[in-house]
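Here's a quick briefing to go with the structure below. Have a look at it first, then skim the points by topic.

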Amino acid sequence: MSVSKHSAGYSRAQVILHWVVAALILFQLLVHESMEMAWDARMEGGPAEGANPLPHIVVGSAILILAAIRLVIRLRHGAPPHPAGQPALLGVLANVVHGLIYVLLFAIPLSGLLAWFGGVEPAADVHSGPLRFALIALVIVHIVGALVQQFVLKSGVLMRMMKPES
Ligand code: HEM
Ligand code: HEM
């Protein structure tokens with residue numbers, strides 16, 4: 001098993017998991033008020049009136065499980081090689097960004113679980129501070145990269161994450 005294993009294209013499972021995880025991440029980044037209220041109430045020892053942290057916990061844990069499934073498939077199936085003729089540096093950049101996103105797909109839910117179920121306050125600070133902002137920054141770079149590949153370099157990279165290899 002190797003992260004550099006090459007395949008003809010992304011499999012159906014890889015494509016579906018990519019977009020499902022992307023949608024769930026978006027949800028987590030946008031809908032977190034209830035979790036914050038519940039956490040603040042817990043830290044202050046008061047009642048968490050009207051706050052339901054369950055959706056954040058369930059969706060966040062689902063992301064962790066799906067990331068693990070995704071990583072196993074990625075290691076077994078591989079990924080298509082970078083488009084021919086593009087600067088080598090772009091390929092290296094894509095690998096680094098994908099690798100760091102994978103790390104965060106584990107580190108963010110794990111730090112959240114540690115905070116909530118372990119009562120570890122610094123884990124909450126790391127979760128909602130540096131890890132969250134690193135994910136947002138990397139996803140922005142990732143999306144800009146995908147759009148540049150598709151519309152400026154016209155390498156068809158976006159299509160391979162839309163249409164699985166047949
Ligand atoms: C990839 C999955 C996750 C993402 C993207 C995510 C994202 C976020 C965001 C954006 C906040 C609000 C931070 C703020 O405005 O201060 C937050 C807070 C929080 N999340 Fe998550 N979360 C995820 C998974 C989880 C999981 C599985 C748990 C486990 C229970 C969890 C526990 C918490 C806690 C306790 C807070 C409150 C921390 C604070 O206010 O300092 N999160 N999360
Ligand atoms: C939170 C949102 C997202 C996350 C976490 C994410 C994560 C990833 C990861 C980890 C890969 C590497 C695939 C692998 O090796 O398994 C990937 C590939 C890809 N993503 Fe995303 N992605 C997100 C959103 C998007 C969006 C919005 C687009 C479209 C604009 C996009 C387009 C692509 C494309 C085209 C590839 C294939 C790149 C290639 O083969 O070189 N992603 N994504």
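Helices (H or I, at least four residues) and strands (E, at least two) are DSSP runs, numbered from the N terminus. With that in hand, helix 4 gives the most to the shell around ligand 1, with 6 residues. What you're looking at is a predicted model, where local features need pLDDT of at least 70, side-chain atom pairs count only at pLDDT 80 or more, and totals for chains, interfaces and linings use all residues. As for labels, residues are numbered from 1 along each chain as its sequence is written, while chains are lettered from A and ligands numbered from 1 in the order in which they are written.

**Confidence**
- The protein chain has a mean pLDDT (the predictor's confidence in each residue, from 0 to 100) of 94, and 97% of its residues reach 70 or more.
- Helix 1 comes out highest, at 98, and helix 6 lowest, at a mean of 91.
- Where pLDDT is low, the predicted coordinates should not be read in detail.

**Overall build**
- Two residues are in contact if their C-beta atoms, placed from the backbone, lie within 7 Å; of the contacts in the protein chain with a separation of 6 or more, 70% are between residues 24 or more positions apart.
- Buried residues (20 or more other C-beta atoms within 10 Å of their own; exposed means 12 or fewer, partly exposed in between, with C-beta atoms placed from the backbone) make up 14% of the 166 residues in the protein chain.

**Ligand 1**
- A residue is near a molecule or strand if its C-beta atom, placed from the backbone, lies within 6 Å of it.
- There are 22 residues around ligand 1, and Gln28, Gly60, Gly112, Trp116 and Ser128 come nearest.
- Two or more residues of this shell come from each of helix 1 (12-30), helix 2 (33-44), helix 3 (54-77), helix 4 (88-118) and helix 5 (121-151).
- By class, the shell has 12 nonpolar, 8 polar and 2 charged residues; Ala, Val, Leu, Ile, Met, Phe, Trp, Tyr, Cys and Pro count as nonpolar, Asp, Glu, Lys and Arg as charged, and the others, Gly among them, as polar.

**Ligand 2**
- Ligand 2 is surrounded by 22 residues, with Ala22, Ile25, His98, Ala146 and Met161 the closest.
- Helix 1, helix 3, helix 4, helix 5 and helix 6 (157-160) each give two or more residues to the shell around ligand 2.
- That shell divides into 15 nonpolar, 4 polar and 3 charged residues.

**Nonpolar cores**
- A nonpolar core is a set of buried Ala, Val, Leu, Ile, Met, Phe, Trp, Tyr and Cys residues joined through C-beta atoms within 7 Å.
- The largest has 7 residues: Ile25, Ile63, Ala67, Leu105, Ile108, Leu131 and Leu135.
- Helix 3, helix 4 and helix 5 each supply at least two residues of this core.
- Apart from it lies another core of 6 residues, including Met35, Ala38, Ala115 and Trp116.

**Loops**
- Lys154 sits in the loop between helix 5 and helix 6, and its phi is near 50°, a positive value in a residue other than glycine.
- Lys154 is exposed, because 9 other C-beta atoms lie within 10 Å.
- Gly50, in the loop between helix 2 and helix 3, is exposed too, with 8 other C-beta atoms within 10 Å.
- Gly50 and Ser34 are 16 residues apart in sequence and 7.9 Å apart in space, C-alpha to C-alpha.
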